Amino acid sequence: MMSAAGQIPQMVTECIALSTGVTVTVDRIGEGPVVLLLHGIGGNRGQWRGLMESLSDRFHMVAWDARGYGGSAGARVSDFVDFARDLEALMDALGMARVLAIGHSMGGRILLEAAAIMPGRFAGLMLVGTQPAYLKEMNEADRTAYIGQRAALFGEDGIRVARIPAIAASLVAANASREAVRATEAGLAALDRDGYLAALTSSIGMDKQDLLATLAMPVEVVGGGEDRVCRPDVCRDTATAIGQNVAVVLDGVGHMVPLEAPTRFAAIAGAFLALHGANATVLRSSGPATPLS
């Protein structure tokens, strides 16, 4: 797509040292209101590339690798709120006073943590396949066993390759495209064992259900009709608890909504972002922020 200057927007990759002591890698493209993209526990920033390119003519799209993922570097999280503190530090480093943000699965849970500590810095949130309470029903013994099962997925060189197809199949709908399956498998194959297990351990038991009714910024809840990780009823209950609108549930789609239904999801996201973009910081792919009036 063409920018206002008549040039095709180019993806820029940057490694940014944060005040929290870690370095995160981000992809950036486009100019306009800032949109932050947060991947799930089995993903990375690359899974947002299609959405970033499709919306780069209207928005400044920024996708990160959370600490412990992809190109990030530094200590693993010890508390799930560490991710939210990183997000705040990233916004400060890039001059983003207020942003729109889309979080998939764990990324949505990070956004809920962030909304609890800095609600005024979000012009709007999209929660995609996001459980506001994550495995909180488990007791300590169950949690230990669960983490042990997940640790067993990894060998010395990373996740066991033979396990990847079955895990990916559990995340997508039965009729998912080969492209969606391949992208899901690629995200799993790139997982760092310690980063993944730190994210899992720190997030088990989190519960932000009481926060939902207090969210004052615009929020859109999106889910897949065949999602076995975050079931459609969870998405609908989340939207009801927020009290702003009903959940958007896409038929024939599993947990990996942005990958399985890229065109439909881009239309939904584009409409929501356009509606609330006037309240977000404006940025180009590089250069200073345009302050909010």
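Helices (H or I, at least four residues) and strands (E, at least two) are taken here as DSSP runs, numbered from the N terminus. On that count, the chain has eleven helices and eleven strands. What you're looking at is a predicted model, so to speak of local features takes a pLDDT of at least 70 and side-chain atom pairs count only at pLDDT 80 or more, while totals for chains, interfaces and linings use all residues. Residues are numbered from 1 along each chain as its sequence is written, and side-chain values use heavy atoms, with hydrogens and water left out.

Start with the overall build. A compact globule of 293 residues would have a radius of gyration near 19 Å, and the chain, at 18 Å, agrees with that; the radius is taken over C-alpha atoms, and the globule rule is 2.2 Å times the number of residues to the power 0.38. The C-alpha trace spans about 55 × 40 × 40 Å along its principal axes. Of the 293 residues, 56% count as buried, where buried means under 20% relative accessible area, exposed over 50%, and partly exposed in between (1.4 Å probe, protein chains only). Take the contacts (heavy atoms within 4.5 Å) with a separation of 6 or more: residues 24 or more positions apart account for 73% of them.

Now for the inside. A nonpolar core is a set of buried Ala, Val, Leu, Ile, Met, Phe, Trp, Tyr and Cys residues joined through side-chain atoms within 4.5 Å. The largest one has 76 residues, and the members touching the most others are Leu36, Trp64, Leu87, Met96, Phe122 and Leu215. Take Leu87: leaving aside neighbours within four places in sequence, this leucine is in contact with Leu36, Leu38, Trp64, Leu111, Ala114, Met118 and Phe122. There's also a second, separate core of 27 residues, including Leu37, Phe59, Val253 and Ala269.

Aspartate 86 is buried, because its relative accessible area is 0%. Not counting residues up to four places away in sequence, aspartate 86 touches Leu18, Thr20, Val22, Trp64 and Arg67.

Histidine 276 sits in helix H11 (residues 262–276). With 14% relative accessibility, histidine 276 counts as buried too. Once neighbours within four places in sequence are set aside, histidine 276 is in contact with Leu100, Ala123 and Pro218.

The C-alpha atoms of glycine 50 and proline 262 are separated by 7.4 Å, although the two are 212 residues apart along the chain.

Serine 105, between strand S5 (99–104) and helix H3 (106–117), has a positive phi of about 55° although it is not a glycine. Serine 105 is buried, at a relative accessible area of 7%. Leucine 135, in the loop between strand S6 (122–128) and helix H4 (140–151), likewise has a positive phi, near 55°, in a residue other than glycine. Leucine 135 has 15% relative accessibility and so counts as buried.

The chain exposes about 12,100 Å², with carbon and sulfur atoms supplying 52% of it; accessible areas come from the Shrake-Rupley method with a 1.4 Å probe, and for residues only the protein chains shown count as cover.
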